[in-house]
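Subject: Structure handover and findings

Hello,

Here is the structure you asked for. My notes on it follow below.

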2 protein chains.
Amino acid sequence: MKEPVPTAKRPRLEKRKQLTRLRLMKSAYALMADKGHTIVSIQEITSAADVGFGTFYTYFASKEAIYDALVEEVLEASGKVVDAATRRLDDPAERLSAGIQYTLMQADADPLWGKFLLSSLLAPSAATMGLGKFFMRDVQQGVAQGRFVLHDAEMSVVAVAGTLYAVLHRGAHGRGATAGAQGLADALAGAEGDPAVQSLPRRTAAQVLRMLGVPPPQATHLAARPLPPIAAFASFFDADLA
Amino acid sequence: MKEPVPTAKRPRLEKRKQLTRLRLMKSAYALMADKGHTIVSIQEITSAADVGFGTFYTYFASKEAIYDALVEEVLEASGKVVDAATRRLDDPAERLSAGIQYTLMQADADPLWGKFLLSSLLAPSAATMGLGKFFMRDVQQGVAQGRFVLHDAEMSVVAVAGTLYAVLHRGAHGRGATAGAQGLADALAGAEGDPAVQSLPRRTAAQVLRMLGVPPPQATHLAARPLPPIAAFASFFDADLA
């Protein structure tokens, strides 16, 4: 196939446009991670990107459009890395467990990414975009195979989203709700082994599996399985702006 | 008992000081409900209350102090109304279910209250102050009586806090995570009755009971029981500033 031969100028122009778009995305990403995407203004984004206000609209139709682009490009890119690593696991429960653990490990390794994920987790698009797509696919497969038993599917998904939100919130803002919860855990100590020896990602995965109807001993066992090897998470912006 | 006879001026001075304190509290309450308590500045609170900046420190040592006072006075006042209504229920599972339902109903009836509760739910003090105290007491009693079975007590409490957060978030910001969850619910429709005919507070209570190890049919039954009568929630500020 023949493509039109670019003039000497066009590739540079294209490159510059791509860089401007990435600068806007990177600024929006940091601001939205920090404040939540509804509070950030387009003015703040263009100021942080050192781009004229009107230029924003050359690249994005609205604040929602740049947010959607971030969810698609930043979160879905990570989702694909996790998906490539876990796709070969036959059991949707084990796949979901590994996906949750890798996601929490990524949030811990890259706090800005973790805060952006946090800000997106209860948004209307959470279940249909970014990482949510992979989560919902695994839940549906698990239900179809009888691996998950949901007594109220909608409430179960809301509860799992809320649980992951609370765990990520703790990572982003300190121990939070867990401070008091630890008091309860201490009061009940010895009831069931010592959860303190397990990592937070494993405990979270086990908790989510229990919430999806996996019997508790199986949930603990599945969450403790070795994780499949995974490719390095490339930092989306560093790679592209370098 | 003899109390010192007040001078003619003192009662008025005391009254004025109480009103200034309440004005600061009311401004902080609205701002913190709206933005989250960590983001609000003392300057914003005093401006909204129409009080000099320095005056703040006559009443509160810090931003954390006024936040703690709000949690204690506003949320705990509501908690006591719920507690008075549910105290006579012998079963801690039924008591917790009724408490959750009344709390969600109150958040729906008084959106500012709901947003303030939301902003406090994942704070470090959540489990030891305000409504959290009553919740933790019921959970501990339920565990002691074998009514609740927690496989990881700390994670369970974090998961319940996150679940309530996600449900309240939906009330405060629109359907949120539930929009996609409804898609899953539709895909699985018919599996287990029709949750749409049940109210959100009942479904949330049933979900929380399941997360605390109550067998699902019992959780549904308990959450559907008639609620005990409750006294009207007085709006904390309207009553006092009238």
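A helix here is a DSSP run of H or I with at least four residues, numbered from the N terminus. Please keep in mind that this is a predicted model.

Chain A overall

Along its sequence, chain A reads α-α-α-α-α-α-α-α-α-α-α-α. It has 12 helices and 0 strands. Chain A has 242 residues, of which 44% count as buried. Taking contacts in chain A between residues at least 6 apart in sequence, 72% of them join residues at least 24 apart.

Helix H8 of chain A covers residues 153–173. Its 21 residues should span 30 Å at 1.5 Å a residue, and the C-alpha atoms at its ends are 30 Å apart, which agrees. H8(A) is largely enclosed by the rest of the structure, because 18 of its 21 residues are buried.

Helix H5 of chain A takes in residues 92–109. From first C-alpha to last, its 18 residues reach 25 Å, close to the 26 Å expected at 1.5 Å a residue. H5(A) is mostly covered as well, with 14 of its 18 residues buried.

H5(A) against H10(A)

Two packed helices are described by the angle between their axes and the distance between the axes. The axes of H5(A) and helix H10 of chain A (residues 200–211) come within 9 Å and cross at roughly 140°. That angle makes H5(A) oblique to H10(A). The crossing of these two helices, H5(A) and H10(A), is right-handed. On the H5(A) side the contact is made by A:Ala93, A:Ser97, A:Ile100, A:Gln101, A:Leu104 and A:Met105. H10(A) contributes A:Leu200, A:Pro201, A:Arg202, A:Thr204, A:Ala205, A:Val208 and A:Leu209. By class, the contact of H5(A) with H10(A) has 9 nonpolar, 3 polar and 1 charged residues.

H1(B) against H4(B)

In chain B, helix H1 (residues 10–35) and helix H4 (residues 63–86) have axes that come within 10 Å and cross at roughly 90°. H1(B) and H4(B) are therefore roughly perpendicular to each other. From H1(B), the residues B:Leu24, B:Met25, B:Ala28, B:Tyr29 and B:Met32 meet B:Ile66, B:Tyr67, B:Ala69, B:Leu70 and B:Val74 of H4(B). The contact of H1(B) with H4(B) divides into 10 nonpolar residues, no polar and no charged.

B:Phe116

B:Phe116 sits in helix H6 of chain B, residues 111–120. Is B:Phe116 buried or exposed? B:Phe116 counts as buried, because it has 26 C-beta neighbours inside 10 Å, and the cut-off for buried is 20 or more. Leaving out residues up to four places away in sequence, B:Phe116 touches B:Tyr29, B:Met32, B:Ala33 and B:Val74. Among these, B:Tyr29 and B:Met32 in H1(B) and B:Val74 in H4(B) also belong to the contact between those two helices. B:Phe116 and B:Val71 are 45 residues apart in sequence, with their C-alpha atoms 8.8 Å apart in space.

H10(B) against H11(B)

Helix H10 (residues 200–211) and helix H11 (residues 216–223) of chain B pack at an angle of about 145°, their axes 8 Å apart. The crossing of H10(B) and H11(B) is right-handed. H10(B) makes the contact through B:Arg202, B:Ala205, B:Ala206, B:Leu209 and B:Arg210, and H11(B) through B:Pro216, B:Ala219, B:Thr220, B:Leu222 and B:Ala223. These residues of H10(B) and H11(B) divide into 7 nonpolar, 1 polar and 2 charged.

B:His221 also lies in helix H11 of chain B. It is partly exposed, with 14 other C-beta atoms within 10 Å. The C-alpha atoms of B:His221 and B:Pro111 are separated by 29 Å, and the two residues are 110 apart along the chain.

Most residues other than glycine have a negative phi. A:Asp50, although not a glycine, has a positive phi of about 60°. A:Asp50 is in the loop between helix H2 (42–49) and helix H3 (56–59) of chain A. It is exposed, with 9 other C-beta atoms within 10 Å. For B:Asp50, phi is near 60°, again a positive value in a residue other than glycine. B:Asp50 has its place in the loop between helix H2 (42–49) and helix H3 (56–59) of chain B. B:Asp50 is exposed, with 9 other C-beta atoms within 10 Å.

Regards

Note on methods: Residues numbered from 1 in each chain as written. Chains lettered and ligands numbered in written order. Predicted model: local features only at pLDDT ≥ 70, side-chain atom pairs only at ≥ 80, totals over all residues. Expected span 1.5 Å × (residues − 1). Buried ≥ 20, exposed ≤ 12 C-beta atoms within 10 Å, placed from the backbone. Axes fitted to C-alpha atoms, helices over the stretch in contact; angles between N-to-C directions. Left-handed = near helix turned anticlockwise from the far one by under 90°. Contact = placed C-beta atoms within 7 Å. Nonpolar A, V, L, I, M, F, W, Y, C, P; charged D, E, K, R; others polar. Parallel < 35°, antiparallel > 145°, perpendicular 65-115°, else oblique.
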